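Visitor: Hello! Could you show me around this structure, step by step?
Guide: Gladly; here it is, and then please ask away.

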Amino acid sequence: MLKNIWLPYTQMQTCNNPIVAELTKGCKITLRDGTELIDGIASWWTACHGYNHSYIAEQVQKQLYKMPHIMFGGIIHEPAIKLSAKLASLLPGDLNKVFFTESGSVSVEVAMKMAIQFWLNQNHLKKTKILSFYGGYHGDTMATMAVCDPDEGMHQLFQGILPHQHIIALPKTKQLQQEFIAFLEKYHHEIAAILIEPLVQGAGGMLIHDPELLMFLRKQADHFNILLIFDEIFTGLGRTGSLFACNQANVVPDIITLSKALSGGTMALAATIAREHIFNGFLSDKENHALMHGPTFMANPLACACAIASLELFDQYDWKNNVKNIELQMTAELEVCRKLDIVKDVRVKGAIGVVELHKIKNINLLKNRLLDHKVWIRPFGDIIYLTPSFTITTAELTKLTQAIVHTLFYG
């Protein structure tokens, strides 16, 4: 079965045969052998409305027969026009210039490239560094690896090979804020942008911070003439309880990245959206001042049709109330885990629930124990987490939380 497949984040020499999915529907995955699993992570947080939503499927089918794909170089199409306008109408402030890509990592690379070239176009030749934070994760491509937490483990092999970027502690305390300001006073002349996952640092450990921190970063970015990039690939489109995490701080970044739930978990799509002044920084009579980037499948019409349908679904049901109820239920049902000495913390934000352990000794054994409960939950690092679809039922969510509780208490 694995003769020709290379799996992600997997040591293939010791990999046993993985389970085989046959069908998806709602919040459930049906395996080849007929086993039905409740999905607790919505396929890496993408299937925000659940799997196989009929409305998204209808729009994809219509677009499939009309035009599945066409290059985006020198020619545009209605799904991209409509989607970019929809995103601009939903995003705060003047975030209205949309550059499409196919994956979250690439959208962050484009944001970094955009920020650096913005300054180069204005002859600020030294502003070529990106400032990011410990606990952050922004992707697995070469440029994004350089701005991830260097101690998080996933990219340690590449230390010394990746370009040097500034990575410092997230300024969550008064003392760290003073140190942050001192750092900017020393290095602001070489920093093009500050990059952060707002409210929740996702794959780096599901670490939560307050909206006030984002306000502080916006203030300092403005003061030191540095751009501010919000990586909302994980937090965007409802996951934290508001459509975008930045809404909770009333902060408008200079550039924002979206992916994951953008297409409702149906097709690969991402977007890097910039404010007017960023876009205007590329307008010139010099050809090399243009943004020289162009993925082959950028703005794929099928993917754009998925995204339009997914965004329209946010107007068709009370997802905010759903996320609030998910938050309340996970808070109540996971709290009992604090009684265990092996548990370091339990935290919940929106439709994100986390049980952090002091150490996971055998992660593969833990995954299998959870699987025994007929749930699909994939711990990483030292955390067990839930990021369910917003359409999950109370009973389905209880089965997920109780699988975690039972596994931790009884093994």
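Visitor: Which strands does α12 lie across, and at what angle does α12 run to β3?
Guide: First, a word on the source: this is a predicted model, where local features need pLDDT of at least 70, side-chain atom pairs count only at pLDDT 80 or more, and totals for chains, interfaces and linings use all residues. Residues are numbered from 1 along each chain as its sequence is written, and side-chain values use heavy atoms, with hydrogens and water left out. Helices (H or I, at least four residues) and strands (E, at least two) are DSSP runs numbered from the N terminus, and axes are lines fitted to C-alpha atoms, for helices over the stretch in contact, with angles from 0 to 180 degrees between N-to-C directions. Helix α12 lies across β2, β3 and β15, and its angle to β3 is about 90°.

Visitor: In what order do the four strands of the open sheet come?
Guide: Strands pair if DSSP finds at least two bridges between them. The edge strands, each pairing on one side only, are β1 (21-25) and β15 (375-376). The pairing is mixed, and the order is β1-β2-β3-β15.

Visitor: Which residue of β3 does I29 stand opposite?
Guide: Strand β2 (residues 28-31) and strand β3 (residues 36-39) run antiparallel, joined by three bridges. Across from I29 stands L37.

Visitor: Are α11 and α12 parallel or oblique to each other?
Guide: The axes of α11 (residues 363-372) and α12 (residues 394-410) come within 9 Å and cross at roughly 130°. Angles under 35 degrees count as roughly parallel, over 145 as roughly antiparallel, 65 to 115 as roughly perpendicular and the rest as oblique. The two helices, α11 and α12, are therefore oblique.

Visitor: Which residues of α12 make the contact with α11?
Guide: Contact means heavy atoms within 4.5 Å. From α11 come L366, R369 and L370, and they meet α12 through A403, I404 and T407.

Visitor: How many residues of strand β10 are buried?
Guide: Buried means under 20% relative accessible area, exposed over 50%, and partly exposed in between (1.4 Å probe, protein chains only). L227, I229 and D231 point one way from β10, L228 and F230 the other way, and all are buried. For β10 (residues 227-231), the count is five of five.

Visitor: Which residue of β11 does F230 stand opposite?
Guide: Strand β7 (residues 191-196) pairs with β10 in the parallel sense over four bridges, and I196 stands opposite F230. Strand β11 (residues 255-258) also pairs with β10 in the parallel sense, over three bridges. In β11, the residue opposite F230 is I256.
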